[in-house]
Amino acid sequence: MLDNAICSAVREHAWVGMVRRAPSGVLEVRPANDALAFGGASWALTGEYLSNWADLYEWAFKSAELDAAGSDFIGLTTATTPLPDKDVRDWIEHTVALVRESKPRRVVDLGCGTGLLLRHLHDGIESYVGIDPTKFAVDRIREARLPGVRAVLGGAHDLFSHKVKRAIAETMGEGGRPDCVVLNNVVQCFPGTEYLASVLRDAIELVESGGRVILGDLRNLALAEEYRRWLEAGADSGPGLFRDEEELFVDPNLIGLLAASVDRPVKVSIRAKTMPGDNEFTRFRYDVVIHVDPGQEQPPLAEVSWRELTGDRLATLSELAGEGPLAITGIPNARTASADGVSSGALSAAIEGTGLVATLSLDDPALLEVRPAGGVEPRLDAEPLEDDSLERFVARRLPELLRSHLAENFPGVRLPEIVVRKAPGS
């Protein structure tokens, strides 16, 4: 009788879609579909996932130590320890250069924090709208009272909300659109592919023709296993700020497919991190530049394999790059290849000023390529891996919620173990 009552209490919970008692006595549950949806009146588990990240950053921003310029570097940590100061400065220079590459004038910054990028971009742009889910961060930007700047309290999914539309109209004029939408060091906080697809679709639809959508610091799902082995080998140690197991990894091939699903022409450039430091960011993260309505088609590029280059390969590559657009493929990455690798930073230096950039190979995550900065057509034949950070969160959080619920209804009773099971075929 008691076992049946406990099962019934779990089954009646609004966030539970199915419950069964296994022969071992464990209660196996599946979350209700409504509890995993986003965009409705009640986001349930998805909303709690996003709120947890907002709460964590709210606390972190309030606790942060600022540098002389008033900047904080929250989120610039590896899985286990903050980045060294030099690596942080290199990261800032790299990120700012990436945004400035197209000389944007009107920028929307999703997950703007307290304005770290804003402080480095403001003198060169006309208008800026920052969106962040933490009140402390938004208040900090508003208090600065910078001309042409608005900060809005909201999430990445609020890009077409009334408050964001109003802020864009106030800074960019009625009918005005940004020429650059930035999501930097925030995608790892997203609850999965569906959410990423929705946010990316909105960003591509919003940006003006010829503009760019930039995604910075994506965790490479294709290197996830190598990343975990790297951590286990002790490449980094010490207390960490964020729990890596609930952060989102993204297969680079997935970005092209998601971008191509929007009804606007796009080209995609999957950029290697070219900072000199050897850390989680330079080994296992990457940037993406999506060119929207890119304009005139370029003729097919001549592709040259790295193995075909003779002598000092970097010097030879530099000479070829100076002669005109081309693609160099099969370049072993010193950060992920076992031997004879080239660092992305050295590669970037060799092609500086040529209009070419260091990119990731979409066929082999341990290889680099050199390609024009304007990107390539998305590969529609790709079969990317997909990650689900919300699934990991739900596997931990839903049993906690249900045990608390049962403890209130059955005080003093020894409660069964509760585990989350996937739906068949999911």
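Predicted model: local features only at pLDDT ≥ 70, side-chain atom pairs only at ≥ 80, totals over all residues.
## Confidence in the Model

The mean pLDDT of the chain is 87. A value of 70 or more is reached by 90% of the residues. Which elements mark the two ends of the confidence range? Helix α2, covering residues 33-36, has the lowest mean pLDDT among the elements, at 82. Strand β3, covering residues 106-110, has the highest, at 98.

One stretch calls for separate mention. Over residues 235-244 the pLDDT stays under 50.

## Overall Architecture

The secondary structure of the chain consists of 14 helices and 15 strands. Of the 426 residues in the chain, 54% are buried. The chain exposes about 19,600 Å², and 49% of this area is supplied by carbon and sulfur atoms.

## Cysteines

A disulfide is a covalent bond between the sulfur atoms of two cysteines. How many disulfides does a search of the whole structure find? The number is zero. Among the cysteines, Cys7 has a relative accessibility of 10% and so counts as buried. Cys112 has a relative accessible area of 6%, so Cys112 is buried too.

## Aromatic Pairs

The count of aromatic pairs comes to seven. One of them is formed by Trp53 and Tyr57, whose ring centres are 6.1 Å apart. The planes of these two rings stand at 35 degrees, and the pair is classed as tilted. Both residues belong to helix α3, which covers residues 44-63. Within that helix they are four residues apart, which is about one turn. Trp53 counts as buried because its relative accessibility is 10%. Tyr57, at 12% relative accessibility, is also buried.

Why is the pair of Phe190 and Tyr195 classed as edge-to-face? The ring centres of Phe190 and Tyr195 lie 4.8 Å apart and the planes meet at 70 degrees, so the pair is edge-to-face. The cut-off behind this step is an angle over 60 degrees.

## Loops and Positive Phi Angles

Asn185 has a positive phi of about 55 degrees, although Asn185 is not a glycine. Asn185 is located in the loop between strand β6 (180-184) and helix α8 (193-206). Its relative accessibility is 8%, and for this reason Asn185 counts as buried. Asp293 is another non-glycine residue with a positive phi, here near 50 degrees. The loop that holds Asp293 runs between strands β10 (285-292) and β11 (303-305).

Is Gly210 buried or exposed? Gly210 counts as exposed because its relative accessibility is 53%. Gly210 lies in the loop between α8 and β7 (212-220). Leaving out residues up to four places away in sequence, Gly210 touches Val292 and Asp293. Gly210 and Asp179 are 31 residues apart in sequence, while their C-alpha atoms are 7.4 Å apart in space.

## The Surroundings of Ser344

Ser344 is placed in helix α13, which covers residues 344-350. Ser344 counts as buried because its relative accessibility is 4%. Which residues does Ser344 contact, apart from its neighbours within four places in sequence? The contacts are with Ala272, Lys273, Thr274, Ala358 and Leu368.

Technical notes:
Residues numbered from 1 in each chain as written. Heavy atoms only, no water. pLDDT = per-residue confidence, 0-100. Contact = heavy atoms within 4.5 Å. Buried < 20%, exposed > 50% of the residue type's maximum accessible area, 1.4 Å probe, protein only. Areas by Shrake-Rupley, 256 points an atom, 1.4 Å probe, with all protein chains shown as cover. Disulfide = S-S within 2.5 Å. Phe/Tyr/Trp six-rings, centres within 6.5 Å; stacked < 30°, edge-to-face > 60°.
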